[in-house]
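Have the model open while you read.

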Amino acid sequence: MTQIQTPPFSLRPATLSDAHAIAEVQVAVWQSAYRDILPAALIERMTVADRESGWGKILTAYAESGRGAVVVAEHAGVVVGFLSCGDQRDEELLTSFPGEFSAIYVADSAQRQGIGRALMGEGARALTVMGHAAAALWVLSENAGARGFYQALGGVVSAERIDGQNGEGLDEIAYGWADLTEICAI
């Protein structure tokens, strides 16, 4: 796949009609980013139809509650990345990080163009509007690329956990930002 060059991308709030495009990006990135990290059966279970349904519910819930945001990045009218954020769902992180970056995905062809940084900035601004001064996210510990990205944005390792489901033992690391001001400036 060809790397996206210029013209630059644009960001906008996601709408319910974006659920399919968001799902396509998420599934494609899962298939490439996690192929050497997660069991193949787990990756194969994630389908565009399933994720489209899930994103439809998330987008509707956020629109109704005002307690979350989904931002899409577009290039030439095509969704090439997205970020979702809202109130922290993890009790372990809630006290120090009341906001959460719940998902961020950028299509392989659009990576290393500043899209991820721009999405994180937009997400941090959305969280600030919701009243959150700090936020965190979980990432698979074996996902070195994502971990490097979060560290470059000033994320600090704030917690660790092992998911012992089905004996898989997938380690996760939480990166936190105690002050979203720097990310908001991106």
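This is a predicted model: local features need pLDDT of at least 70, side-chain atom pairs count only at pLDDT 80 or more; totals for chains, interfaces and linings use all residues.

Residues are numbered from 1 along each chain as its sequence is written, and side-chain values use heavy atoms, with hydrogens and water left out.

**Nonpolar cores**

- A nonpolar core is a set of buried Ala, Val, Leu, Ile, Met, Phe, Trp, Tyr and Cys residues joined through side-chain atoms within 4.5 Å; buried means under 20% relative accessible area, exposed over 50%, and partly exposed in between (1.4 Å probe, protein chains only).
- The largest one has 29 residues, and Phe-101, Met-120, Tyr-150, Trp-177 and Leu-180 have the most contacts inside it.
- Elements giving it two or more residues include strand 2 (68–75), strand 3 (78–87), strand 4 (99–106), helix 5 (115–129) and strand 7 (170–177); helix 5 gives the most, with 6 residues.
- Those elements are DSSP runs numbered from the N terminus: helices are H or I with at least four residues, strands are E with at least two.

**The Arg-12 network**

- The structure holds 7 salt bridges, each being a side-chain nitrogen of Lys or Arg within 4 Å of a carboxyl oxygen of Asp or Glu.
- Arg-12, Asp-18 and Glu-74 are linked in a network of these.
- Between Asp-18 and Arg-12, the closest N and O atoms are 2.7 Å apart; Asp-18 counts as buried at 6% relative accessibility, whereas Arg-12 is partly exposed at 24%.
- Glu-74 pairs with Arg-12 too, with the closest N and O atoms 3.1 Å apart.
- Because Glu-74 lies in strand 2 and Arg-12 in strand 1 (residues 10–13), this pair ties together parts that are 62 residues apart in sequence.
- Glu-74 is buried, at 16% relative accessibility.

**Arg-89 and Glu-100**

- These two form a salt bridge, the closest N and O atoms being 2.8 Å apart.
- Arg-89 sits in the loop between strand 3 and helix 4 (91–94) and Glu-100 in strand 4, so the bridge joins parts 11 residues apart in sequence.
- Arg-89 is exposed at 63% relative accessibility, while Glu-100 is buried at 6%.
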